[in-house]
Amino acid sequence: MRGPETSLAPKAAPTPLGRDTALDTWRGTALVAIFVNHAGDSVLQRLTPLNFGFSDAAELFVLFAGYAAALAYLPRLRQGRVAVLRRRLLGRLGLLYAAHLGLIALALALALLPPARPDFAARLGLAPLLADPAGLALPVLGLGLQPHYLDILPLYLVLLALLPLLLWAAARRALAPLLGASAALWLAAGLGRVNLPAEGAQAGWFFNPLAWQLLFTLGFACGARRRGGHRLPWRPALWWAALALLLASPFALHLRGLPDPASLKLPALLVVPDKHYLSLPRLLHVLALCYVVAHSPLQGWAAGAAPARPAWLARLLRSAPARRLRDALARLGRNTLPVFVLGLALSLGGMALRPAAPGPLLDALWLGAGLGLQLALARWRDHRRARGRGAAVDATVTRPT
């Protein structure tokens, strides 16, 4: 039997050295799913990945962040532009930190507004901070107090701070030993239930960096291979096994009568789809999803090259609506951080001000307006970036010799 790569997927093209359009498309898809999940219960939310498997858009977001970091920072390292790299990395960390504190300030302001829903502060865990803002200022500044729904940016801050170590390993072709150390840390944190300390009722960070660093490191390693001109290898047996896992996971999530994982006498890390410690079911599910999609016609569509056969699928993926959807998602993915922060801000506003049971019409209006604003922001940033490049070219051309 011919595998999906030979029968459906487009022919492999030489790896480009510019932007990875497929990565932008999938990052945009993850951003849309995160916004829809945070915006509240809706028909569209029931179509997001969290309803069909052990992992959800958060795992995709972190994996893609590691992949994108390799594409963005490795070229500068290999060109010897260490000062530029350091400056860009520090700037990114500062921007992330400011965005996180700004979102907390917005959440507090919304909680104090008279129209805010009574359950808003409780949903975000803001009660301690509202009761003693001065006393909890240091935990907020030190990332030890993280309101619900605003806890992925602190994880991203820690992961980005680890990037110099990954770059050092990549420059010395030592990514394999580093991956082994990363997996060992993930295993030790999960089995020993070791987490970073946090204020409040939680025993630690919701996204435990000691565990989630493995997903970021895996993404970085894949991005480093792609930068080196290596494509994700096609293994038919692995592809079919990954597809089987994807097809079986919704049944494991939703069907009754399955054995209790605790009865298997195995560590929770290996059998319970726990998000805090990035348990094995969640890790395998997101990796299986990426592997299946990477060797499918969808990857060609995301990269801008639809398959030649079968004819019906080629026509569908080359249609104008499919192209417009891809372009919109890629635009969002090219502007991940501002789009993500705007999406979180809109989600906070929706949680605070929307009625408890808004109905399908208000749901559709709210989601459409929110996604439209994010796309408008991404379009504006693309336009600004293009104007900046044009100005730089004009300055080079007109510079006196």
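Select Arg173 to begin: this residue is exposed, with a relative accessible area of 79% (exposed means over 50% relative accessible area, buried under 20% and partly exposed in between, using a 1.4 Å probe and protein chains only). Arg173 sits in the loop between helix H9 (163-171) and helix H10 (175-192). Helices here are DSSP runs of H or I with at least four residues, numbered from the N terminus. Now look at the backbone: phi of Arg173 is near 50 degrees, a positive value in a residue other than glycine. Most residues other than glycine have a negative phi.

Before you move on, bear in mind that this is a predicted model, where local features need pLDDT of at least 70 and side-chain atom pairs count only at pLDDT 80 or more, while totals for chains, interfaces and linings use all residues. Residues are numbered from 1 along each chain as its sequence is written, and side-chain values use heavy atoms, leaving out hydrogens and water.

Next, jump to Leu143, in the loop between helix H7 (137-141) and helix H8 (152-161). Leu143 isn't a glycine, yet its phi is positive, at about 70 degrees. Is Leu143 buried or exposed? With 11% relative accessibility, Leu143 counts as buried.

Time for some charged pairs. Side chains of opposite charge can pair when their charged atoms come close. How many salt bridges does a search of the whole structure find? The search turns up 11 salt bridges, each being a side-chain nitrogen of Lys or Arg within 4 Å of a carboxyl oxygen of Asp or Glu.

Pick Asp20 and Arg226 together: their side chains meet in a salt bridge, 3.6 Å from N to O. Asp20 is in the loop between helix H1 (4-7) and helix H2 (21-38), Arg226 is in helix H11 (residues 209-227), and the pair links parts of the chain 206 residues apart. Asp20 is buried at a relative accessible area of 15%, and Arg226 is buried at 8%.

Now try Asp363 with Arg354, a salt bridge whose closest N and O atoms are 2.7 Å apart. Asp363 counts as buried at 11% relative accessibility, and Arg354 does too at 12%.

For the last stop, select Asp56, Glu59, Lys275 and Arg282: salt bridges that share partners join them into one network. Zoom in on Lys275 and Asp56, whose closest N and O atoms are 2.7 Å apart in a salt bridge. Both Lys275 and Asp56 are buried.

Definitions and conventions:
Helices (H or I, at least four residues) and strands (E, at least two) are DSSP runs, numbered from the N terminus.
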